[in-house]
Amino acid sequence: MLSAPLLDREKLSDATNYKATPRHGVHDAGPIAMTTLTEDGRFATTEGTLHVSKPFRSRSTKKLRAMITFEPRKTHFDTTNEASGTNEFRGFFTLFWMSLFLFTVQTYISSLEANGYALSFAFATMFSRHAVTLALSDLLLVSATVLCVPFAKAVSKGWINYYWTGAILQHIFQTCVLFVTITWTFHRQWPWVQSGFLTLHSFVMIMKMHSYVSVNGYLQWISRRSMDVLAELKRATVRVGGLEEALREATSKRADADAAWRVAESHSTDDASTPMETCTPDAEGVLMKSFTDLKTAAALRRRLAAISGSPYGSAETETETDRDAVNDSGRGSEEVEGASIACILSYHPDELVAGLAKEFLDLDSELVSTGPEQVRWPENVTYRNFVVYQLIPTLVYELEYPRTDRIRPVYIFEKTIAFMGSFALLYTVAECFIIPLTPTPDQSFFRSLLDLALPFMIAFLLLFYIIFECICNAFAEISYFADRLFYEDWWNSTSWEEFSRKWNKPVHTFLLRHVYASTRASYGLSRTTAMFVTFFLSAMAHELVMTIVTKKIRMYLFLMQLIQIPLILVSRAPVIQRNKLMGNVVFWLGLYAGFPLLCVAYVAY
């Protein structure tokens, strides 16, 4: 979706926040979204749990330090997830796989006794057809995305204004990629598996390209806006006696603030303990620990507390040293000079001067990542950065992602074995219980639904596990990606709104940022209208896939997705929200009926 630059700070923070959430590094360089304070004093962010320890004295240098610990999120079914390992229902997970294995063995034995073979592999022959051509086509599709890098370089150098020339060119290119992919699938007359795979992968590549270019285009606008604000700030100092006089007066105010801060901090270090100074990850390589100085830790703690709504901190109480710590990394000489001036002038008694200084610091902080590498735009616009982004299982681009410290070969082996075993089960279900029962117009409609309901549900669960647990986690491990919450507990959903949020987090995050928030910020749409636009675009994309797979235009899936909108509004009624069990039963009934209903509708009618 086209997204305009946000012309006021309220919209900028509310709808199109491109800043990364807290990483496991030392400094925090900007606003942190969706941060909540837990009961044990930790801060739960959108990418993991962050904890800033109390000050303690180093045994070697005797200086006051603080330890920052970051624990990224994991998927529910990951064997390294401690929370899932202690869940009281974990035995049912084991029971599910054992039952499915026994059911598969029984199916093989029955087929061997009746037909002389366990599997006919007719389905395998069908989806392995034109495998080389499909692989080359997919390779060409992925290679075409590299064109985003020179385009982003042109935007960063100012050769192209992203708003609106760059945005229009971006959408034209994305449309061409989708059109060529669809045309090629129809030209090759591929079976539904090949056509569906290439179409879905083209959507993934288009979403990745869109996020990459739009984020870099947005940061171009932020960079220019920050320079305009800095120029306006310098002009504003004229009315208070000039820049030198304004700096002297602000420095005096800063000294008072520093003195008050030292007094407050001295009381918090009286009973400081001395924990063991280890700076290594845990056994699984995902618990990140780092040490920092006292002032930086205090600044981070106050900022986290302020954003989480905790009464223990306020973003307005940062000292000058705090601002330097979180704003000065990765700059050129001119940027350092401008930031230094703004840091001092943010304490000026004149409201206009202080307001402009703080606005510049807020804008400038958006150009720097919040991770340990402190990546600053446009230093991120490189081919290496783009290739890493392509490997990371996410559809939303960030300057920097939370990272692990190493690749665990055993973990990758585990996910590979899980993929192979799950795929074997999925293939068995498809060949033995779905394809033979493919409905025809002369069959009973309700009998077809009944025959296909359970096989489709098992196939959906296996496909979900393969994609989001095996493939996504394996790519995350290869790319050192630490944030692995690719799904939430969608099986407990009580409405379709909750299901759409939880079952596919990468796509949901993309739609939330680049469609829902973008349309609200750019066109001033209400929440309901923006939700309708998001559902409409998603429904069109799903229907396009079904059209390519079945070679039919029926609009069944499109209509079924749009029907979810009034159902979502109804589900928000207090009477329905109080009855969680009934909501979950209705959800599962809808999911059970939806898959066979779509199959019968598209295949037989």
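Helices (H or I, at least four residues) are DSSP runs, numbered from the N terminus. This is a predicted model: local features need pLDDT of at least 70, side-chain atom pairs count only at pLDDT 80 or more, and totals for chains, interfaces and linings use all residues. Residues are numbered from 1 along each chain as its sequence is written, and side-chain values use heavy atoms, without hydrogens and water.

**View 1. Ala 357 in helix H13.** Helix H13 spans residues 351-365 and holds Ala 357. Ala 357 counts as buried because its relative accessibility is 0% (buried is under 20% relative accessible area, exposed over 50%, partly exposed in between; 1.4 Å probe, protein chains only). Beyond its neighbours within four places in sequence, Ala 357 is in contact (heavy atoms within 4.5 Å) with Leu 233, Ala 342, Leu 345 and Ser 346. Ile 341 is 16 residues from Ala 357 in sequence; their C-alpha atoms are 8.1 Å apart.

**View 2. Ile 417 and a nonpolar surface patch.** Ile 417 sits in helix H15. Ile 417 is partly exposed because its relative accessibility is 42%. Ile 417 belongs to a nonpolar patch on the surface, whose members include Phe 413, Met 420 and Phe 475. Helices H14 (383-391), H15 (409-434) and H16 (445-478) each give the patch at least two residues. H15 gives the largest share, five residues.

View 3. The whole structure has zero disulfides (pairs of cysteine sulfur atoms within 2.5 Å). Cys 470 is in none: the nearest cysteine sulfur, that of Cys 472, is 9.7 Å away. Cys 470 is buried because its relative accessible area is 2%. Cys 148 is buried too, at 4%.

Definitions and conventions. Patches are made of residues with over 30% relative accessible area and no salt bridge: like charges are joined within 9 Å, nonpolar side chains (Val, Leu, Ile, Met, Phe, Trp, Tyr) within 5 Å. Accessible areas come from the Shrake-Rupley method with a 1.4 Å probe; for residues, only the protein chains shown count as cover. A salt bridge is a side-chain nitrogen of Lys or Arg within 4 Å of a carboxyl oxygen of Asp or Glu.
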